Amino acid sequence: MNTSVGATAPPRSASGGSLAGARRVTATVFAAQGVAVAAVSTTVPAVASRLGLSSLAMTALTIALTLAAGAGSFAGLAAVRRSGPVTVMRAAVLTAAATLLSVAWAPGPATASAAYVLFGLALGAIDVSVNTRAATVERHYGRSILSSFYAAWSAAGVAAALLTAGASRLGWPVQYVLTAHAVLVALLALTVRPHALTPVPSSPSDRPAPDDEIPGRRVWARLVPFGVVLLVAYVVDSAVSAWSTAYLHQTLAASMATAPLAYAAYQAGTVTGRAGADVMVRRVGPVAVVRAAALLTAVALAGLAVAPSWPYAVVAACCAGLGVAALIPLCVAAAGRLRPGAPETVLARLNVFNYVGVLVGAGASGGLGATGHFRIAYAIPAALAVALVATARFFRPTAPPAACVDYPPPGLGPRPPMAEDGGRRP
């Protein structure tokens with residue numbers, strides 16, 4: 001692990017303004033993605049009603065979107081290598097805004113299905129590009145800041161869910177609701193600007209072993225523990241995000257205006273958790289944070305499963321968000337440090353676990369919900385969250401050898417300079 005865990009070193013960039021700007025832009029893209037995901041998640045019942053789609057059909061669309069996001073992640077990896085993460089971030093967010101408009105005004109199920117798939121491709125490209133940029137910015141700061149980016153994601157999700165709830169209460173049709181979300185996402189995308197970052201010398205504790213410089217089985221083996229945690233975290237995240245609105249509406253008899261409040265509460269919990277996660281990691285270490293987060297998530301999901309009415313479910317969803325908040329950014333940060341010279345390669349692989357988790361969570365929850373068993377859909381992830389306690393030890397920082405000196409490994413030479421948009425110059 002590198003100095004981002006437990007470190008208090010000052011930013012290691014030659015230009016503080018560029019570094020602050022890069023951080024601000026990265027947070028903006030996280031926020032744009034949060035709005036886009038919330039827009040899709042909180043309008044599931046309304047879109048299904050407008051197009052006459054059954055719960056099983058919407059589950060199939062969610063699965064198709066997730067598979068497309070997995071493909072978009074690897075397409076985004078290729079684009080990041082060619083054009084740099086900033087260019088890919090901007091293009092992918094604008095594409096997401098366009099597809100939200102397409103879903104809003106789709107004349108039929110076929111057009112809406114195609115729009116959902118395109119949205120998934122854009123979502124995957126945003127994932128790999130923005131996490132690559134975030135990992136680079138964190139290395140320049142020299143301390144844990146990744147949770148703050150995810151806090152921006154969650155805060156934007158809360159705002160978007162409240163927008164959906166407020167617009168529904170005013171009687172807006174779903175077309176207008178999704179259009180408002182699309183405009184907001186597009187405006188955020190237009191604020192994205194490149195900021196040059198100077199190369200950061202590798203420290204002894206975050207430099208990978210020489211035989212890990214080429215991706216292979218060793219990288220996969222070291223990635224698996226973090227991938228398992230990420231998979232379960234996204235099972236939980238997708239079960240709450242994608243279907244809590246439907247759960248409140250169908251099982252707990254909440255109105256269409258009230259049902260999105262569970263999503264908003266969940267994201268509010270993640271904002272709170274992520275706002276303090278970096279401080280807690282520096283204070284008590286990542287192992288303790290992972291254990292506490294896993295246990296809280298399990299208890300909250302159990303509460304969500306047995307909630308007697310929608311207000312209890314809203315509170316439980318908030319606690320679930322508070323618990324799962326730190327797990328995803330800790331996994332991304334730990335994985336990015338496996339190959340700090342090329343984090344996009346590892347993060348694209350990590351996204352495999354991400355989308356498998358989303359696929360399992362959304363597919364299983366939607367399938368169980370379609371048969372009237374939403375409560376079971378939240379009880380199962382509660383058991384999985386308990387199992388994460390055993391994986392916490394893999395997040396323990398590794399101490400560098402005492403005699404290790406911070407020089408580039410023989411034969412590798414200096415790292416190539418960063419282009420202005422964040423890509424590597426030849």
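Predicted model: local features only at pLDDT ≥ 70, side-chain atom pairs only at ≥ 80, totals over all residues.
Mentor: Residues are numbered from 1 along each chain as its sequence is written, and side-chain values use heavy atoms, with hydrogens and water left out.

Trainee: What makes a stretch of the chain a helix or a strand?

Mentor: Helices (H or I, at least four residues) and strands (E, at least two) are DSSP runs, numbered from the N terminus. The chain comes to 14 helices and zero strands.

Trainee: How many of the residues count as buried, and what are the cut-offs?

Mentor: Buried means under 20% relative accessible area, exposed over 50%, and partly exposed in between, with a 1.4 Å probe and protein chains only. Of the 426 residues, 57% count as buried. In helix H12 (residues 327–336), ten of ten residues are buried.

Trainee: Why is Thr164 called buried?

Mentor: Its relative accessible area is 2%, and the limit is under 20%, so Thr164 is buried. Thr164 is found in helix H6 (residues 146–169). Thr132, in helix H5, has 4% relative accessibility and therefore counts as buried.

Trainee: How do you know that the buried residues of H2 are on the same side?

Mentor: The buried residues of helix H2 (residues 44–51) are Val44, Pro45, Val47, Ala48 and Leu51. They cover an arc of only 165 degrees around the axis, which puts them on the same side of H2. The arc is that of the directions from the helix axis to the C-beta atoms. An α-helix has 3.6 residues a turn, so residues three or four places apart point the same way. H2 is followed by Gly52, whose phi is positive, near 70 degrees.

Trainee: What makes the pair of Thr164 and Thr42 a polar contact?

Mentor: A polar contact is a pair of N or O atoms within 3.5 Å; within protein, one must be able to donate a hydrogen and the other to accept it, and residues adjacent in sequence count only if both atoms are side-chain atoms. The side chains of Thr164 and Thr42 make a polar contact at 2.9 Å.

Trainee: What does Thr164 touch, and what counts as contact?

Mentor: Contact means heavy atoms within 4.5 Å. Leaving out residues up to four places away in sequence, Thr164 touches Thr42, Thr43, Val177, His181 and Pro260. Across the chain, residues 24 or more positions apart account for 86% of the contacts with a separation of 6 or more.

Trainee: Why is the pair of Trp105 and Tyr176 called tilted?

Mentor: Rings of Phe, Tyr and Trp (its six-membered ring) pair if their centres lie within 6.5 Å; planes under 30 degrees apart count as stacked, over 60 as edge-to-face and the rest as tilted. A search of the whole structure finds seven aromatic pairs. Trp105 and Tyr176 are 6.0 Å centre to centre with 50 degrees between the planes, and the pair is tilted. Trp105 lies in the loop between helix H4 (85–104) and helix H5 (109–141) and Tyr176 in helix H7 (residues 174–190), so the pair ties together parts that are 71 residues apart in sequence.

Trainee: What makes Arg23 a charge over a ring?

Mentor: NZ of Lys or CZ of Arg must be within 6 Å of the ring centre and within 35 degrees of the ring normal. The charged end of Arg23 sits over the ring of Tyr141, 4.9 Å from its centre.
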